Every structure is written in C-alpha cells, then in structure tokens.
Amino acid sequence: MLMTSAETLGGDIPPRPVVAGLPRYAAGKPPAAVEGLQSYKLSSNESPLPPIAAVREAIAGFSDFNRYPDPLSSKLRAELADFLAVPAEDIVTGAGSLGALNQILATFAGQNDDGKADEVIYAWRSFEAYPISVGLAGAESVRIPVTADGRHDLDEMARAVSARTKVILLCTPNNPTGPALGAQEVEAFLNSVPANIVVVIDEAYQEFVRDDGAVNGIELYRKYPNVVVLRTFSKAHGLAGLRVGYSVSQPALTQYLRVVATPFAVSQIAEVAALTSLQNFPQVVERVQTLVDERDRVAAGLRALGWKIPDPQGNFVWLDLGAEAARFAAAAAERALSVRAFAGEGVRVSIGEPVANTRFLQLCADYTKAPTGS
Ligand SMILES: *Cc1c(COP(=O)(O)O)cnc(C)c1O
C-alpha cells in the first residue's frame, strides 16, 4: 500500500536536540500585490540594482556547468588579494559571507570534550542568522543587548567573556539597527579581550559606510592575529543570488579555516561574476553612492518628520517601533511595500528604488497621524 508523505514523514527520526530549538530564518518576504501599485521588496537588504553590465556579459555565455569549480577560488582570491593588499593565502571564500561565518564557527566553537558548549558572544538584536549558525555549530549564544541608539555595548560584551568564550561576533554596520562601530572602540575592545578568542568583524555593508570614524576590519586584521573579517558580494555588488563571500585572517587562523571550508562552495559562475565586479569596482562604487544618497535622503526625511532613528550606515534604516512593529509592517504591505518587522521590537526597511523610498517616507508621514490604538 502506498503511504502518503504525511505518514512517511511522521517525525519518527528526531534531529539533533539543538535543531529542534533553533529559531527559523525568516527570509524577507516578497511584497504583496496591491491593485494599481507597483510593489517593492524592502525586506532583505538587497541591492535594487542588477549587477553591473560587465558582470552580466561575463556570465552570459557560461555553460561549463558539467565541471566542478576551482575549490580554492584561486582567481577571485588573487584579485581580492590585490584589491585589499593582503596575501591571497589569508582569504577563504564561502557560499556568501554566511557560508564563511559557518566555516569559522565550525572551526572554533562547538561542543567541548567535557560535553559543555563553547560560548559565542554577539550583540542583540543583530543579524538574524547568528543564533542559527551558533546553535548549529553546537555552541551557545551569549547575547548582549544593543544600546538605545542601536550600538554594540562593547563594555558589556567584554565583561561577558568567560573561560568558555571562543568566538565574538561584531556586526558593523549592525544589521538591523544601522550604526557602524568606531575604529578606536573596536581596537580598545580587542586589547581588552583575551588574544585566544576569535573576534569576527562582519562587514557585509562596508561599502555603504560614510562615518569617518568607522572601523575598517582589514586594518585590524593586519595587527591582530585573532581577528577574522567577513565581507560579501551580496550587498554592494548586487550579487546576493550567486552566494559569494569570504573571510580574511592571518595564517594562524586561516590554516584551520581552509580545512573546514566546504569544498566547491563558490560556483564557477559566482567566481567569475565576483571577479568581474571587483575588476570594475569604480562602477560598483558609483551605484553604491546612489544608494547612499537615497539612504541619506530617507534618513533626513524621517528626521524631518520627528522620527528618531539610529545612524544608518548600511543600505537600510531601523524604526524602533516596539509594539507597533507588526502594525507598521501591515500598513506598508497595504502600500505594496514589504519591510522586515521584528515583532515587539522594530522594523528594518531596506533602501530600494527612489519611488519605493519616497512611498515609504509618505507612509511614515501618514503613519504619525494614525491613531496608535492605545
Ligand atoms: C546580508 C548579511 C550577510 C551576508 O550574507 P551573504 O551570505 O553574504 O549573502 C552577512 N552578515 C550580515 C550582517 C548581513 O546583513
């Protein structure tokens, strides 16, 4: 007798205990259709612009899909080495910087021989993927609340270090709140934590930063053997769909990362796209600047409305709406805008096409007049 899939998937094979307790990654939803309105997705911090023309041309004729990619992404790493002025040996690629992060966690944090979990400290709220990646690695999350203006509380994070701490994640600019970490505060932090703790500086939005005092992870990696910098082609380069990211660290760490790295994580087509985008970086910078200009326009517009927002240094803004978060997201959906609500906390809105940004500002202008329902 044939069994239905419900019967065969009866939950008889339990996953590792940690899997049952993991939060689900809630990917940004596509916008709902609204009659007569073009809809816009402002929920995943994607670039609203396609990759530059040179990239589209470079991958258009690609058909070697019967071949495995170069497991070391050698061409891309050589180009990155040149671009960042670092040895190619210090770069490890991954399927997005999330892939690179998972490689770091799998290498340095997990379950100890005594059965106890290692600890990974990070700010919260921060990147939604962190608790999932840390949990999957078998380690335990230690979350230190961000300050009222959406910044890492580095003093508290340093105080949270214990004998079990193996990795600390710094997210700059912080997704979803927006501010970048300062160069001096990060350096002071690095000097205050034990040198045998791996400090990851996640710079997914580095190209959007205009804060003069902001940290540059690459400079710190040169000086600190326990620093790993994460960067990605997903945001500024507009290549989120191709999954290319990388980590940069000194050989003391890189030698182990290379052992753990998923073989063939970066496809050929992704490597060619990333390489070409990097070779035409001035064009990427031009696009990023249009988004930065839009970000600044949106931030100024919000402030003119009297909305207080943390300093946005990425391609998104954070609305600290608290209990209003879900209601605001529903109001956005009515205007065919999808935004990312974190229930009870706030709403993150990605910078998109100028019309979408203008519509978002209009929504905010109208929203302040709306009854709060309380
Ligand atoms: C978007 C994002 C990433 C990058 O993800 P990819 O895997 O490179 O697409 C990493 N860190 C943060 C904080 C992000 O917001």
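In this predicted model, Lys235 sits in the loop that links strands S7 and S8. The UniProt record, an unreviewed entry, places the feature "modified residue: N6-(pyridoxal phosphate)lysine" at Lys235. Lys235 has a relative accessibility of 13%. The cut-off for a buried residue is under 20%, so Lys235 counts as buried.

The surroundings of Lys235 can be listed. Leaving aside residues up to four places away in sequence, Lys235 touches Asn45, Ser47, Ala204, Tyr205 and Phe208. With one of these, Tyr205, there is also a polar contact. The side chains of Lys235 and Tyr205 are joined at 3.2 Å.

S7 covers residues 227-232 and S8 covers residues 245-248. They run antiparallel and are joined by 4 bridges. Leu230 has Ser247 of S8 as its bridge partner. S8 also pairs with S2, residues 91-94. This pairing is likewise antiparallel, over 4 bridges. Here Ile91 has Val248 of S8 as its bridge partner.

In a regular strand, side chains alternate between the two faces of the sheet. Both faces of S8 are covered. Gly245 and Ser247 lie on one side, and both are buried.

Helix H5 spans residues 96-108. Its 13 residues reach 19 Å from the first C-alpha to the last. That is close to the 18 Å expected at 1.5 Å a residue. The buried residues of H5 are Gly96, Ser97, Gly99, Ala100, Leu101, Gln103, Ile104, Leu105 and Phe108.

The protein chain is divided into two parts. Domain 1 consists of residues 17-50 together with 281-366. Domain 2 consists of residues 53-279. The contact between them takes 32 residues from domain 1 and 34 residues from domain 2. The C-alpha centres of the two domains are 23 Å apart.

Ser63 is found in the loop between helix H3 (53-60) and helix H4 (74-84). Its relative accessible area is 54%. The cut-off for an exposed residue is over 50%, so Ser63 is exposed. Ser63 and Asn175 are 112 residues apart along the chain. Their C-alpha atoms are separated by 36 Å.

Terms used. Residues numbered from 1 in each chain as written. Predicted model: local features only at pLDDT ≥ 70, side-chain atom pairs only at ≥ 80, totals over all residues. Heavy atoms only, no water. Buried < 20%, exposed > 50% of the residue type's maximum accessible area, 1.4 Å probe, protein only. Helix = DSSP H or I, 4+ residues; strand = E, 2+ residues; numbered from the N terminus. Pairing = 2+ DSSP bridges. UniProt positions renumbered as here; feature names shortened; annotations may be inferred. Contact = heavy atoms within 4.5 Å. Polar contact = N/O pair within 3.5 Å; in protein donor to acceptor, adjacent residues only side chain to side chain. Expected span 1.5 Å × (residues − 1). Domains from an automatic or database assignment.
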